[in-house]
Amino acid sequence: MWFLGWKGESGFSASSTAEQVTQGIDGHGLTAIVTGATSGLGLETTRVLALRGVHVVMAVRNVESGTKVKETILKEIPSAKIDVMELDLCSMASVRKFASDYISSERPLNILINNAGVMATPFQLSQDNIEMQFATNHLGHFLLTNLLLQTMKKTVRECKREGRIVILSSEAHRLPYQEGIRFDKINDESVYNSYYAYGQSKLANILHAKELTRRFKEEGVEITANALHPGSIITNILRYHGYINAVANMVGKYLLKNVQQGAATQCYVALHPQVKGISGEYFMDSNKATPTHLANDSELAKKLWEFSVSLTNQK
């Protein structure tokens, strides 16, 4: 739509598609993991990265669905290199098994796209008895990232190319609980609000990228970590809210981004040379954006890191 067309410093806008922001970029020789790759943004990101020559590993809960998506993409792009592996982010055992299997495969890892997520779910606990949105949107990805860091570092040394971690957040990070992260009430159903809990998990995504960046700079590691808002789009993320989902689907095509536009920012951050060396930032519409003061709180980021380490039983 016309109001999506204002171009930012990057030369792209909210109306730019994933194909447009990666036009002319050669991704051959790169390997990427995309979580939640069977539908919506993950599917389009997988397709476009494969189109640009990237070897994509689809990390999915349902391997059968993932295989069907792979076959569909291969019909369009016969040269695509795609693998499918099982990953359930709300199970630490599943995350550990995925990471172990990936490391055992001796594949390189240049790009990790933490895309999967759930939104505003009714209160429920993960397999590890942690509130579902925090467990899926942040904690599962936190553990996955940590377990794969040595593989990324090894790939960077051998390929002599910058590694990139891309974390999907949301503008909803502006509306968490008042204190930001409720460290002492993560599992407290009596004070649970599905939308504030979603905002909390999305704030955690940005803080994760900030703390990763600090640690990488301390180590002198050539890996970047950035968070982003994909834009307001229609996917199955609203499946827990029947009425809102129905209304959104009716008006969305007129007011919101389509999936091709929604996947643009993560593809831009993952592949575009303009993003080389940039880390710890928040992107929106394929341009840098400004998050809230809580998202820039380095002490909160450190506290979240230690809290996440303790919940995931890491040393």
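Helices and strands here are DSSP runs, numbered from the N terminus. I apply these names throughout the entries below, and I note that the model is a predicted one.

**Entry 1: two residues with positive phi**

I looked up Asp285 and found it in the loop between strand S7 (282-284) and strand S8 (287-289). Asp285 has a positive phi of about 55°, although it is not a glycine. Is Asp285 buried or partly exposed? Its relative accessible area is 23%, so I recorded Asp285 as partly exposed, given that buried means under 20% and exposed over 50%.

I then turned to Asn313, in the segment after H10. Asn313 is not a glycine either, and its phi is positive at about 55°. With a relative accessible area of 63%, Asn313 is exposed.

**Entry 2: helix H9**

I next examined helix H9, which covers residues 264-271. How many of the eight residues of H9 are buried? I found that eight of the eight are, so the helix is largely enclosed by the rest of the structure. The buried residues of H9 include Gln266, Tyr268 and Leu271.

**Entry 3: the nonpolar cores**

I looked for the largest nonpolar core and found that it has 51 residues. Ile33, Phe98, Phe134, Ile165 and Ile181 are the residues with the most contacts inside this core. Among the elements that give two or more residues to it are strand S2 (55-60), helix H4 (92-105), strand S5 (163-168) and helix H10 (298-311). Which element gives the most to this core? I noted that H5 does, with ten residues.

**Entry 4: cysteines**

How many disulfides does the structure hold? I counted zero disulfides. A disulfide is a covalent bond between the sulfur atoms of two cysteines.

Cys90 has 14% relative accessibility, so it counts as buried. Cys159, at 32% relative accessibility, counts as partly exposed.

Methods:
Residues numbered from 1 in each chain as written. Predicted model: local features only at pLDDT ≥ 70, side-chain atom pairs only at ≥ 80, totals over all residues. Heavy atoms only, no water. Buried < 20%, exposed > 50% of the residue type's maximum accessible area, 1.4 Å probe, protein only. Helix = DSSP H or I, 4+ residues; strand = E, 2+ residues; numbered from the N terminus. Core = buried A, V, L, I, M, F, W, Y, C linked by side-chain atoms within 4.5 Å. Disulfide = S-S within 2.5 Å.
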